[in-house]
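User: Please walk me through this model step by step, giving the cut-offs behind each term as it comes up.

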Amino acid sequence: MQTTKQSAIGFIFITLLIDVMGWGLIIPVMADLIAQLKHIPVNQASTYGALLLSVFAVTQFIFAPVVGNLSDKYGRRPVLLLSLLGFGIDYIILALAPSYGWLFIGRVIAGMTGASFTTATAYIADVSVDETSRAKNFGMIGAAFGLGFVLGPALGALLANWGIRAPFYAAAVLCLLNCLYGFFLLPESLKKENRRAFEWSRANPLGSLKFLTAHPEIGGLAFAFFLIYLGAQSVQGNWNFFTIYRFQWSEKMVGISLAIVGVLVGAVQAGLTRIIIPKIGNEKSIYLGLSLYTLGLVLFAFATQSWMMFAFLIPYCLGGICGPSLQSVISGHVPPNQQGELQGALTSLMSLTTIFGPLIMNGTFAYFTTDKAPFHFPGIHFLIGAVCMLLSIVITNKVLTREKKENPELRNIIAGAGDLKDAPMH
């Protein structure tokens with residue numbers, strides 16, 4: 001059983017890695033492909049690229065809770081496999097697309113079937129035996145994102161030598177091979193006695209958000225979760241624009257910096273979370289991580305030289321220790337047969353930040369770099385992100401302090417301390 005769980009978690013890691021790599025593979029060539037299909041310059045094509053990101057986020061926001069609820073009824077395995085199949089079809093459509101409209105269709109399909117994150121997190125919750133192992137396994141998600149963020153763009157740039165469509169075919173092959181591998185080897189994690197009937201009232205975005213607010217402690221922690229991802233959009237959505245404008249970075253320099261981000265994130269999630277969380281517990285890990293996020297964002301805002309951006313990546317990326325701990329605490333409030341619904345709701349929150357976050361951060365950055373602004377401040381969007389992180393510290397502290405007083409049974413979940421070195425690998 002232990003070996004089976006290890007293999008299953010390994011598959012989940014590969015699934016998430018391929019999910020991130022798949023998009024990373026096509027980033028180097030997407031701009032040129034859009035420009036080619038629309039017969040316009042690359043700078044004008046950026047508007048159409050933003051639409052592709054937006055439609056994916058909107059579609060995923062709508063369908064993530066549906067997919068999460070389907071996994072609560074039919075199990076995680078079939079939903080994961082269909083997700084991989086959907087992504088494979090999406091990349092084939094992108095590879096063969098004769099016009100921009102086909103790219104749009106492909107992103108809609110990917111958003112509809114984009115259940116890999118939602119269902120994978122529910123799968124991890126199913127096979128994690130306690131709060132400490134749950135936090136450790138959730139840390140693996142961040143490691144997959146970090147590693148995929150390093151390998152994807154690098155491999156995409158290499159494959160582009162064989163043609164502008166080559167990275168799309170490679171992404172499709174990766175997804176379909178992993179789907180085939182999972183079909184034969186992935187076990188089901190959700191026991192039949194823990195399944196529940198599908199309900200449309202609980203499978204829509206607003207319904208899933210009501211699920212988060214059904215209990216004050218979940219609603220508050222989920223709002224903190226939302227603020228963290230909203231604040232992170234100040235980096236994720238605007239890093240290249242800011243560094244090119246502020247420090248005249250080349251595209252190569254931007255790529256190097258993003259690769260370093262991937263390495264740091266992978267090291268934090270795969271290594272430090274396994275050391276820090278067992279020693280200081282979930283609650284302290286959350287506060288420490290959010291404080292480091294805040295510090296990193298403030299330093300970004302006032303950086304005056306290129307080397308500072310690289311140096312300040314260290315405290316910012318170290319802030320990643322808060323994510324697994326917060327997610328572990330949130331999932332510890334929910335029974336096994338609702339983990340899919342919970343993760344679908346959290347994914348919907350993340351999608352909302354992807355829809356609105358870049359508009360806020362990029363819009364503020366653009367305004368405060370024009371003559372219309374009351375003062376010139378290119379890094380102001382980083383300060384907005386820092387405020388989001390500070391607010392999440394306050395909210396989390398308020399919720400957890402109240403919970404420990406009112407419900408002593410939750411203290412172990414909130415603390416979540418233990419020695420991972422002695423914990424079995426599941």
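**Pairs, patches and cover**

User: Are Asp72 and Arg76 buried or exposed?
Analyst: This is a predicted model, in which local features need pLDDT of at least 70 and side-chain atom pairs count only at pLDDT 80 or more, while totals for chains, interfaces and linings use all residues. Residues are numbered from 1 along each chain as its sequence is written, and side-chain values use heavy atoms, with hydrogens and water left out. A residue is called buried under 20% relative accessible area, exposed over 50% and partly exposed in between, using a 1.4 Å probe and protein chains only. By that rule, Asp72 and Arg76 are both buried.

User: How far apart are the closest N and O atoms of Asp72 and Arg76?
Analyst: A salt bridge is counted when a side-chain nitrogen of Lys or Arg lies within 4 Å of a carboxyl oxygen of Asp or Glu. Asp72 and Arg76 form such a bridge, and the distance between their closest N and O atoms is 2.8 Å.

User: Which helices hold Asp90 and Arg107?
Analyst: Asp90 and Arg107 form a salt bridge as well, with closest N and O atoms 2.5 Å apart, and the count of salt bridges comes to two. Helices here are DSSP runs of H or I with at least four residues, strands are runs of E with at least two, and both are numbered from the N terminus. Asp90 is buried at a relative accessible area of 0%, and Arg107 counts as buried at 4%. Because the two residues lie in separate helices, the pair ties together parts 17 residues apart in sequence, namely H3 (residues 76-96) for Asp90 and H4 (residues 100-113) for Arg107.

User: What is the C-alpha to C-alpha distance between Tyr91 and Cys175?
Analyst: Tyr91 lies in helix H3 and counts as buried at 2% relative accessibility. Leaving aside residues up to four places away in sequence, Tyr91 touches (heavy atoms within 4.5 Å) several residues, including Trp23, Arg107, Phe168 and Cys175. Although Tyr91 and Cys175 are 84 residues apart in sequence, their C-alpha atoms are separated in space by 8.9 Å.

User: Which element gives the most residues to the nonpolar patch?
Analyst: Patches are made of residues with over 30% relative accessible area and no salt bridge, where like charges are joined within 9 Å and nonpolar side chains (Val, Leu, Ile, Met, Phe, Trp, Tyr) within 5 Å. Leu82, Leu85, Ile89, Ile92, Leu96, Tyr169 and Leu176 make a nonpolar patch of about 600 Å², to which H3 and helix H7 (166-185) each give two or more residues. Tyr169 is found in helix H7 and is partly exposed, with a relative accessible area of 40%. The element that gives the most, with five residues, is H3.

User: How many aromatic pairs does a search of the whole structure find?
Analyst: Rings of Phe, Tyr and Trp (its six-membered ring) pair if their centres lie within 6.5 Å, and planes under 30 degrees apart count as stacked, over 60 as edge-to-face and the rest as tilted. Under this rule, the number of aromatic pairs found is 10.

User: At what angle do the ring planes of Tyr293 and Tyr316 lie?
Analyst: Tyr293 lies in helix H11 (residues 251-301) and Tyr316 in helix H12 (residues 306-318), so this pair ties together parts that are 23 residues apart in sequence. Both Tyr293 and Tyr316 are buried. The ring centres are 5.1 Å apart, and the pair is tilted because the planes lie at 55 degrees.

User: Which residues form one aromatic cluster?
Analyst: Beside the pair of Tyr293 and Tyr316, which is tilted, Phe300 and Phe382 form another tilted pair, 5.4 Å from centre to centre with 50 degrees between the planes. Phe300 in helix H11 and Phe382 in helix H15 (residues 380-406) are 82 residues apart, so that distant parts of the chain are linked. Phe300 is buried at 0% relative accessibility, and Phe382 is buried with a relative accessible area of 0%. The cluster is formed by Tyr293, Phe300, Tyr316 and Phe382.

User: What share of the residues in the protein is buried?
Analyst: The protein has 16 helices and zero strands, and helix H13 (residues 322-331) is mostly covered, with nine of its 10 residues buried. Among the buried residues of H13 are Cys322, Pro324 and Leu326. Of the 426 residues in the protein, the buried share is 54%.

Key:
Areas by Shrake-Rupley, 256 points an atom, 1.4 Å probe, with all protein chains shown as cover.
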